[in-house]
Amino acid sequence: MSIKLPSIVKKYIAASNRHDVKSILACFSDTAAVRDEGETLLGKKAIESWLRKTIRKYKFQFKPLNAKQGTLKIVVSVEVSGTFDGSPITLDYHFTLESKKISSLSIE
């Protein structure tokens, strides 16, 4: 089954699976916000720090399972595996897109 995703979301997932911080960051707008594990990160500098920390801590891999898409928002259910208790788990990635970039991402 192939999941239809916006180009920028595909790029985010592919770069994340390569643990390519520079390419992941390129997917976000300069003023983007990320919410994960009860923490909100604002701007690319904070997002870069979060990426480096989570890659080092979890060594994650993503497998998109399905998506619900609106005009500027998309929710992607992702099987996340890595070095954490309970791996793999399914999380919902709530993307808000603006000008072909990710303006916000909330992971639940």
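## A walk through the predicted model

Let's start with helix H1, which has 12 residues and reaches 17 Å from its first C-alpha to its last, close to the 16 Å expected at 1.5 Å a residue. That expected span is 1.5 Å times one less than the number of residues in the helix. Helices (H or I, at least four residues) and strands (E, at least two) are DSSP runs, numbered from the N terminus. This is a predicted model, in which local features need pLDDT of at least 70 and side-chain atom pairs count only at pLDDT 80 or more, while totals for chains, interfaces and linings use all residues. Residues are numbered from 1 along each chain as its sequence is written, and side-chain values use heavy atoms, with hydrogens and water left out.

Which residues of H1 are buried? They are Ile 8, Val 9, Tyr 12, Ile 13, Ala 15 and Ser 16. Here buried means under 20% relative accessible area, exposed means over 50%, and partly exposed is in between (1.4 Å probe, protein chains only). After H1 comes His 19, with a positive phi near 60°.

Keep your eye on Tyr 12, which is buried with a relative accessible area of 2%. Its ring centre is 6.3 Å from that of Phe 62 and the two planes are at 25°, so the pair is stacked. Rings of Phe, Tyr and Trp (its six-membered ring) pair if their centres lie within 6.5 Å; planes under 30 degrees apart count as stacked, over 60 as edge-to-face and the rest as tilted. Phe 62 is buried too, at a relative accessible area of 10%. Because Tyr 12 lies in H1 (residues 7–18) and Phe 62 in strand E3 (residues 61–69), the pair ties together parts that are 50 residues apart in sequence. The whole structure holds 7 aromatic pairs, and one aromatic cluster is formed by Tyr 12, Phe 28, Phe 60, Phe 62, Tyr 93 and Phe 95.

E3 and strand E4 (residues 73–81) run antiparallel and are joined by 8 bridges, with Gln 61 opposite Ser 81. These two strands form a hairpin with 3 residues between them. E4 is also joined to E5 by 8 bridges, again antiparallel, and here Lys 73 has Thr 96 as its bridge partner.

The hairpin of E5 and E6 has 2 residues between the strands, and in it Ser 99 takes a positive phi near 50°. In E6 (residues 101–107), 5 of the 7 residues are buried, so the strand is largely enclosed by the rest of the structure.

Our last stop is the largest pocket, with a volume of about 250 Å³. Of its 15 lining residues, the closest to the centre are Asp 36, Glu 37, Tyr 58, Leu 91 and Tyr 93. On a 1 Å grid over the protein atoms alone, a pocket is an open set of points where a 1.4 Å probe fits, with protein on both sides within 12 Å along at least five of seven lines; lining residues have an atom within 4 Å of a point. Helix H3 (43–58) and strand E5 (89–98) each supply at least two lining residues, and H3 gives the most, with 4.

Definitions and conventions
Grid points are joined across faces, edges and corners, and a volume is the space filled by probe spheres set on the points. Two strands pair if DSSP finds at least two bridges between them.
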